[in-house]
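My entries follow the order in which I looked.

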Amino acid sequence: MREAIALSQSQTNSSQPPILQLEQINRSFNSGNSQLHVLKEIEFDITKGTSCAIVGPSGSGKTTLLGLCAGLDTPDSGRVLLDGSILSGMNEDQRADIRNKKVGFIFQNFQLLPTLTALENVMVPLELRGGSNNEIEHRAIELLSSVGLKDRLTHYPSQLSGGEQQRVAIARAFINEPSVLFADEPTGNLDAETGDQVEELLFNLNKEKQTTLVIVTHDMLLAQKCEQQIRLHRGEIAEQRFGKTLTQTGSIPSIPV
Ligand SMILES: Nc1ncnc2c1ncn2[C@@H]1O[C@H](COP(=O)(O)OP(=O)(O)O)[C@@H](O)[C@H]1O
Ligand SMILES: [Mg+2]
């Protein structure tokens, strides 16, 4: 039975419209002879400019859900609306176009292009859009510097540590100034200090550019810094809460947005 508990509804930013709306989402995968029903009747809204954490045990469907929200995948039934557009009704090209304009995505396993340097990887999303190469390069260098990788511009992914690859992936997700940034366990591979810096970068982007954050995490401290928390259990929403229980502190400089 689905049991969605909404606490402190008044703490949501009701003056803003939702940027993301999920309506009765179902997603299954074929598993041998049987169907694996990974997401069941998922429904929630995320308000523009807010932050939302998705938590839950491994295998509960978090990555699958994030992919559907970002238009990387489509549901078997139900609708996903991104900024009012019905993402789940679009073809692959239309979804790619919306992703390029509005979405940043930080993958759990980074997904950097192995034959491109750190700098080139970060430049890719803006190059797809077109524009002056000098400006794109300048912006990519600025972003890589802000995640502490000024001295790694010409390194290839295989020459970078896991944490460094994660930071390149973050810089790449920031470069097109997305309206909504999806991050799949963005601090999962980082040491505590680097993890804190990445958190700070994410929340600065949220505060300064009103970028909506949707973060899958196992880090309950990070989840509590988000204004909305959704807990998945075996593909269902087990709990939904509104309201931060921790505030973001620190003195890491803002990302140059
Ligand atoms: N493309 C796929 N094909 C088959 N099974 C999948 C696929 N993607 C995910 N799954 C299964 O769906 C379940 C949820 O996976 P996932 O969304 O990655 O969970 P989480 O991110 O919470 O660990 C897992 O049991 C996984 O094996
Ligand atoms: Mg996952």
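The entries below go from the whole chain to single residues.

**Entry 1, conventions.** I note that this is a predicted model, in which local features need pLDDT of at least 70, side-chain atom pairs count only at pLDDT 80 or more, and totals for chains, interfaces and linings use all residues. Residues are numbered from 1 along each chain as its sequence is written, while chains are lettered from A and ligands numbered from 1 in the order in which they are written.

I find 7 helices and 11 strands in the chain, where helices (H or I, at least four residues) and strands (E, at least two) are DSSP runs numbered from the N terminus. Of the 257 residues, 43% are buried; a residue is called buried if 20 or more other C-beta atoms lie within 10 Å of its own, exposed if 12 or fewer, and partly exposed in between, with C-beta atoms placed from the backbone. I also looked up the contacts, two residues being in contact if their C-beta atoms, placed from the backbone, lie within 7 Å. Among contacts between residues at least 6 apart in sequence, 71% join residues at least 24 apart.

Which residues are around ligand 1? I list Phe29, Ser31, Leu36, Val38, Gly56, Ser58, Gly59, Ser60, Gly61, Lys62, Thr63 and Thr64, taking a residue as near if its C-beta atom, placed from the backbone, lies within 6 Å. Strand S2 (18–31), strand S3 (34–47) and helix H1 (62–69) are the elements that give two or more residues to this shell, and H1 provides the largest share, 3 residues. By class I read 3 nonpolar, 8 polar and 1 charged residues in the shell; Ala, Val, Leu, Ile, Met, Phe, Trp, Tyr, Cys and Pro count as nonpolar, Asp, Glu, Lys and Arg as charged, and the others, Gly among them, as polar.

I then followed H1 itself, which is mostly covered, with 7 of its 8 residues buried. The buried residues of H1 are Lys62, Thr63, Thr64, Leu65, Leu66, Leu68 and Cys69. Just after H1, glycine 71 takes a positive phi of about 80 degrees.

How do the axes of H3 and H5 cross? The axes of H3 (residues 118–129) and H5 (residues 162–174) come within 7 Å and cross at roughly 30 degrees, axes being lines fitted to C-alpha atoms, for helices over the stretch in contact, with angles running from 0 to 180 degrees between N-to-C directions. H3 and H5 are therefore roughly parallel to each other; angles under 35 degrees count as roughly parallel, over 145 as roughly antiparallel, 65 to 115 as roughly perpendicular and the rest as oblique. On the H3 side I find Ala118, Asn121, Val122, Val124 and Pro125, which meet Val168, Ala171 and Arg172 in H5. The residues of this contact of H3 with H5 divide into 6 nonpolar, 1 polar and 1 charged.

For H3 and helix H4 (residues 133–146), the axes come within 9 Å and cross at roughly 125 degrees. H3 and H4 are therefore oblique to each other. Their contact is made by Ala118, Leu119, Val122, Met123, Leu126 and Glu127 of H3 and by Ile136, Glu137, Ala140, Ile141, Leu143 and Leu144 of H4. By class, the contact of H3 with H4 has 10 nonpolar, no polar and 2 charged residues.

I find phenylalanine 105 in strand S7 (residues 103–106), and it is buried, with 23 other C-beta atoms within 10 Å. Leaving aside its neighbours within four places in sequence, phenylalanine 105 is in contact with Ala70, Ala173 and Phe182. Phenylalanine 105 and isoleucine 170 are 65 residues apart in sequence and 8.2 Å apart in space, C-alpha to C-alpha.

Isoleucine 237 is found in strand S11 (residues 236–242), and with 23 C-beta neighbours inside 10 Å it counts as buried. Isoleucine 237 and glutamate 43 are 194 residues apart in sequence, yet 8.1 Å apart in space, C-alpha to C-alpha.

Most residues other than glycine have a negative phi. I noted glutamine 24, which has a positive phi of about 45 degrees although it is not a glycine.

I place phenylalanine 110 in the loop between S7 and H3, where, with 20 C-beta neighbours inside 10 Å, phenylalanine 110 counts as buried.
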